[in-house]
Amino acid sequence: MTRFGARPEPLRELVHEAASEALRDAEVESREIDAVYFASALAGITDEQAGVLPAVLLRTVGIAGRPMLRIENACASGSTALAEAFWAVRNGRYRTVLVVGAEKMTQAGSAQAAKAMAGSTDAEFEGRVGLLAPAFFAMVARRHMQEHGTTREQMAKVAVKNHANGAKNPKAHIQREVTLEQVLGSAPVSDPLQLLDCCPVSDGAAAVVVTAGPGGRRPPLVVAGSGVSTAAFSSNPSMTSFSATRLAANLAYSMAELTARDVRWAEVHDCFTIAELLHYEDLQFCDPGAAGRLIEEGATSLGGRLPVNPSGGLKSRGHPLGATGVAQVVEALGQLRGEAFGRQVADPSVALVHTIGGIVRGEGAVAAVHILTEAA
């Protein structure tokens with residue numbers, strides 16, 4: 001993956017950097033790639049990315065004459081592309097697939113950004129009244145505080161933890177620690193969320209090779225379980241729980257024949273600090289309403305029993321929409337190989353990666369969950 005942040009390079013240069021690095025790491029030649037799945041949520045919206053095809057972006061990598069598909073699923077685009085590649089390889093359609101996620105968000109104008117955000121909401125309901133992500137998650141935060149006694153300090157501790165991890169990640173957008181006082185004293189955005197409760201606007205690209213073969217000399221990851229789901233409104237008891245995440249997680253756990261207790265660490269979609277707490281509960285890391293206590297106890301810190309977002313998460317590593325889910329897998333591979341210097345988890349053998357995308361009828365519209373394990 002590239003470093004995330006405000007990147008002045010054209011999108012194709014970021015794609016070239018990430019894709020070339022992935023091919024080298026996998027010891028795969030471009031001619032061995034059978035297909036490409038390219039993830040981008042803003043492709044066709046920003047001036048630079050409008051109408052850009054994967055074939056154009058990947059021309060310099062040397063991949064041509066292959067099927068190339070573009071995947072758009074809001075913030076879950078990268079994770080969805082990974083799921084599609086995984087099933088295509090598992091079912092024998094292809095042997096080796098390149099998955100690339102990339103986004104240039106900092107150069108998108110305000111009108112383009114608004115169009116992108118409106119496109120990820122239900123225009124008839126949330127979008128019509130301007131209920132975009134910060135306002136939506138602020139409402140969720142208030143509801144969680146009311147129902148479960150969650151505090152502003154507990155939410156702020158998510159930011160403190162993830163910035164501490166991101167400060168150790170050379171690919172992170174924001175490589176600095178923050179204090180509890182700084183988070184609580186940052187500028188208001190949408191009450192109770194403040195500036196340091198929100199992830200940054202980032203550029204970047206990430207890529208992985210998915211193959212049915214044994215891989216190269218370096219240890220690979222195994223996709224043990226994969227689940228993608230949309231929201232099921234009839235089964236959602238509260239706006240503090242996202243049915244799409246619960247359904248996707250159940251699919252991934254079932255396929256891997258594992259449970260949440262088997263997960264040793266995770267990368268989750270912390271677009272806002274309250275979001276990470278919600279995901280603890282929906283991914284079954286704790287009981288409903290207990291997420292605040294989990295962060296309070298330090299259970300999800302690097303030295304805790306279940307480290308969450310050792311990369312820094314969206315909050316610190318950054319969030320170039322289409323690249324986010326793929327970057328989570330890059331982090332998982334680094335952790336498995338013991339190469340996450342300074343932020344290495346004690347037992348990287350079973351990882352869970354999770355993204356959500358869009359807002360519809362008061363919850364996340366789509367979610368993707370993958371269980372990643374070391375090769376036997």
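In the predicted model, the side chains of arginine 317 and glutamate 267 form a salt bridge, with an N to O distance of 3.2 Å. Arginine 317 belongs to the loop between helix 11 (313–316) and helix 12, whereas glutamate 267 is part of strand 8 (residues 265–267), so the contact ties together parts that are 50 residues apart in sequence. Both partners fall under the 20% cut-off for burial: arginine 317 is buried at a relative accessible area of 1%, and glutamate 267 is buried at 0%.

Salt bridges that share partners also join Asp25, Arg218, Arg337 and Glu339 into one network. Within this group, arginine 337 pairs with aspartate 25, and their closest N and O atoms are 2.7 Å apart. This pair links distant parts of the chain, 312 residues apart. Arginine 337 is located in the loop between helix 12 (321–336) and strand 9, and aspartate 25 in helix 1 (residues 11–26). The two residues fall on either side of the burial cut-off of 20%. Arginine 337 has a relative accessible area of 17% and is therefore buried, while aspartate 25, at 23%, counts as partly exposed.

A further salt bridge is formed by glutamate 9 and arginine 7, whose closest N and O atoms are separated by 2.6 Å. Glutamate 9 is partly exposed, its relative accessible area being 22%. Arginine 7, in turn, is buried, with a value of 14%. The total count of salt bridges comes to 13.

Among the strands, strand 10 (residues 363–374) is mostly covered, with 11 of its 12 residues buried. Strand 10 pairs with strand 9 (residues 350–360) in the antiparallel sense, over 10 bridges. Within strand 10, valine 369 stands opposite histidine 354. Strand 9 and strand 10 form a hairpin with two residues between the strands, and in this hairpin arginine 361 adopts a positive phi near 50°.

Strand 10 is also paired with strand 7 (residues 221–230), again in the antiparallel sense, and nine bridges are found for this pairing. Here alanine 367 of strand 10 is the bridge partner of serine 229.

Conventions. Residues are numbered from 1 along each chain as its sequence is written. This is a predicted model: local features need pLDDT of at least 70, side-chain atom pairs count only at pLDDT 80 or more; totals for chains, interfaces and linings use all residues. Side-chain values use heavy atoms; hydrogens and water are left out. Buried means under 20% relative accessible area, exposed over 50%, partly exposed in between (1.4 Å probe, protein chains only). Helices (H or I, at least four residues) and strands (E, at least two) are DSSP runs, numbered from the N terminus. Two strands pair if DSSP finds at least two bridges between them. A salt bridge is a side-chain nitrogen of Lys or Arg within 4 Å of a carboxyl oxygen of Asp or Glu.
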